[in-house]
Amino acid sequence: MILLLRALARLVSFLLLVILALAGLAVAVFAIGGGAGGFSIPGLARLAHLPDLRDEVRMLLTSVEAAGPVAAKTAAAGAGAIVLGVVLIVGALWPRRERLVTLESGDDGTLAARRRPLTRAADALVDQTRGLVSRKVRVRPGRRDGGRIRVRARHAPTDDPSELKTSTEAHLAPLTEPFALRTRMRIRAADDRVVR
Amino acid sequence: MVGPPDSGSPSTTRSLLARRAIGAACALAEIDRGVRGQAGAWATRDAGQTLDGVVAVARPDGRYDVDLHLTARWPFGSLHELAVEVRDDVLRAARAAGLGDAVGQVSVAFEAVAAGSVTEGRPL
């Protein structure tokens with residue numbers, strides 16, 4: 001959801017900047033000409049139908065002043081604009097997920113790692129669990145600190161999934177404890193029984 | 001890997017410290033190389049060479065904080081122990097070069113992992 005809002009905020013801000021740049025360019029070009037002819041600022045205003053727009057806005061404001069359907073639609077449009085503005089602000093200002101997982105931070109400096117090395121290490125540790133037929137390991141850094149290791153694995157029907165889960169978590173401990181990572185496991189047997 | 005410096009180009013305490021730091025880090029078997037980052041933000045010029053994956057930043061007290069951005073070489077054991085080993089080796093190398101008093105904080109970040117000729121991680 002946040003990714004979508006961020007993409008929307010970027011798209012809208014890009015489009016607004018393009019429109020602003022084109023408008024500025026047009027004003028700059030038309031400002032070269034003087035007087036009130038075609039090649040001048042008043043000429044540009046006529047070209048953009050600004051006098052017509054002014055008249056329409058005047059009529060709209062007169063309609064809004066009186067109670068009626070136009071006033072209700074305008075109020076709804078205003079509320080929609082506020083909601084859109086809030087959505088864009090959230091998309092622009094929501095903190096990004098920290099991609100670097102900090103292991104230790106103090107007077108001596110910071111020790112940290114990105115997802116790939118952590119995923120490699122986590123995968124090797126999960127590999128030590130006997131009885132897992134297949135596995136998929138992902139590391140997801142937290143928004144502020146730490147993060148989460150997500151393990152999806154399959155085991156033979158004869159093995160106890162609870163024991164496998166405990167064993168895997170124990171194997172991951174050298175990684176989860178210093179990096180403040182939480183483990184989320186999903187072990188599926190051949191009959192698709194899921195243990196979380 | 002860090003090559004020999006060009007004797008005709010100047011070095012400073014900061015760049016010499018950076019050279020010693022990345023040299024000590026890359027001397028470890030579990031470290032593949034330094035990562036220069038997007039736009040080369042994690043690199044230092046020393047003696048006509050660009051040292052990838054190391055930045056030394058001056059502090060108000062006259063010392064330099066060293067930031068290392070490294071690619072680990074698979075297989076490695078504990079990342080924690082490896083990071084501590086890198087930091088200890090950097091401090092040892094700095095002391096051996098007479099730069100022990102110039103070192104401030106040493107930060108280590110593993111940016112990617114290399115397995116054989118393949119490097120996993122974002123292109124940096």
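Predicted model: local features only at pLDDT ≥ 70, side-chain atom pairs only at ≥ 80, totals over all residues.
Reader: Which residues is A94(B) in contact with, leaving aside its neighbours within four places in sequence, and what separates its C-alpha atom from that of A21(B)?

Author: Leaving aside those neighbours, the contacts of A94(B) include L99(B), G100(B), A102(B) and V103(B), and also L17(B), R20(B) and A21(B). A94(B) and A21(B) are 73 residues apart along the chain, and their C-alpha atoms are separated by 7.1 Å.

Reader: How many residues does helix α2 of chain B have, and what does it reach from its first C-alpha to its last?

Author: Helix α2(B) covers residues 79-96, which is 18 residues. At 1.5 Å a residue, 26 Å would be expected, and the helix comes close to this, with a reach from first to last C-alpha of 25 Å.

Reader: Which residues of α2(B) are buried, and where on the helix do they fall?

Author: The buried residues of α2(B) are L79(B), L82(B), A83(B), V86(B), R87(B), D89(B), V90(B), A93(B) and A94(B). Seen down the helix axis, the buried residues of α2(B) fall within an arc of 165 degrees, so they line one face of the helix.

Reader: Which residues are exposed on the other side of α2(B), and which residue with a positive phi follows the helix?

Author: On the other side of α2(B), the exposed residues are D88(B) and A96(B). The helix is then followed by a residue whose phi is positive, near 75 degrees, namely G98(B).

Reader: How many helices and strands does chain B have, and what share of its residues is buried?

Author: Chain B has two helices and seven strands, and from the N terminus on its elements run α-β-β-β-β-β-α-β-β. Among contacts in chain B with a separation of 6 or more, 67% are between residues 24 or more positions apart. Of the 124 residues in chain B, the buried share is 44%.

Reader: How many residues of α1(A) are buried?

Author: Helix α1 of chain A runs over residues 2-30, and its end C-alpha atoms are 42 Å apart, which agrees with the 42 Å that its 29 residues should span at 1.5 Å a residue. The helix lies largely in the open, because the number of its 29 residues that are buried is zero.

Reader: How many residues does the contact take from each chain, and which element gives the most to the side of chain A that touches chain B?

Author: The contact takes 15 residues from chain A and 18 residues from chain B. On the side of chain A, the elements that give two or more residues are β1, β2, α5 and α6 of chain A, and the residues on that side divide into nine nonpolar, two polar and four charged. The element that gives the most, with six residues, is β2(A).

Reader: Which strand of chain B do three bridges join to β2(A), and which residue of β6(B) stands opposite A112(A)?

Author: Within chain A, β2(A) is joined to β1(A) by six bridges, and these two strands run antiparallel, with a hairpin joining them through two residues. Towards chain B, three bridges join β2(A) to strand β6, residues 103-115, and this pair runs parallel. In β6(B), the residue opposite A112(A) is A109(B).

Notes: Residues numbered from 1 in each chain as written. Chains lettered and ligands numbered in written order. Helix = DSSP H or I, 4+ residues; strand = E, 2+ residues; numbered from the N terminus. Expected span 1.5 Å × (residues − 1). Buried ≥ 20, exposed ≤ 12 C-beta atoms within 10 Å, placed from the backbone. Arc of directions from axis to C-beta. Contact = placed C-beta atoms within 7 Å. Nonpolar A, V, L, I, M, F, W, Y, C, P; charged D, E, K, R; others polar. Pairing = 2+ DSSP bridges.
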